[in-house]
Amino acid sequence: MSLPRFAARAMLASLFVSRGIKAARQPDELVPVVEPLTDRLVPLVQKNAPSGVGSYIPSDTATLVRIGGVAQVLAALALATGRLRRPGAVLLSISMVPQLLASAPFGSNKASDDGEQKRSFLTNLAVLGGVLLASLDTEGKPGLVWRAQAGGDKVAAKTRKARNRLAKEAKQARKDARRAVKKVEKKFD
């Protein structure tokens, strides 16, 4: 693992660790921002979740904020340490969606004099972009898609070689069979 990559991931993760700790310790500050979103999404998720799972989804916004905060801390630590960094980055990007929706200046009734809501939205959007880049980083190692494609190419090449070899052997077997038939015909002529 290269030091610059580790440092960059740690810097990105530090934002989520601090946000997650704050959300877990003091959810009341975020409840008014997140509540309109949870009021719409929680019943929808509870209704469409597999049977038995929907009843375990909390409807209390403060509890959801705390759970989101803990999830952000764990995912940020995974990203920073390099252990399960890609799944951690994906989880962080998913956790950013409610923040983006909550900070979106679109459809907002309150006019912001200084553009704070727009800046907050653009900051969250930039952080989401950074986390998505971190989720795609393979640290110079081939990713699963490349490995699958390369494995498929190897199988296809081996299959072509085997097909060509079998075609040559079949052609030779036909020639040998014709010669054998001709020899037998000469003996009986």
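A quick word on the source. It's a predicted model, where local features need pLDDT of at least 70, side-chain atom pairs count only at pLDDT 80 or more, and totals for chains, interfaces and linings use all residues. Residues are numbered from 1 along each chain as its sequence is written, and side-chain values use heavy atoms, with hydrogens and water left out.

Now the overall shape. The C-alpha trace spans about 105 × 45 × 30 Å along its principal axes. The chain's radius of gyration is 30 Å, while a compact globule of 189 residues would be near 16 Å; that's taken over C-alpha atoms, and the globule rule is 2.2 Å times the number of residues to the power 0.38.

How much of the chain is buried? Buried residues come to 23% of the 189, buried being under 20% relative accessible area with a 1.4 Å probe, protein chains only.

Let's look at helix H1. Covering residues 3–25, H1 has 23 residues and reaches 32 Å from first C-alpha to last, close to the expected 33 Å, and that expectation is 1.5 Å times one less than the number of residues. Which residues in H1 are buried? They are Arg9, Leu12, Ala13, Phe16, Gly20 and Ala23. In general, an α-helix has 3.6 residues a turn, so residues three or four places apart point the same way.

Key: Buried < 20%, exposed > 50% of the residue type's maximum accessible area, 1.4 Å probe, protein only. Helix = DSSP H or I, 4+ residues; strand = E, 2+ residues; numbered from the N terminus.
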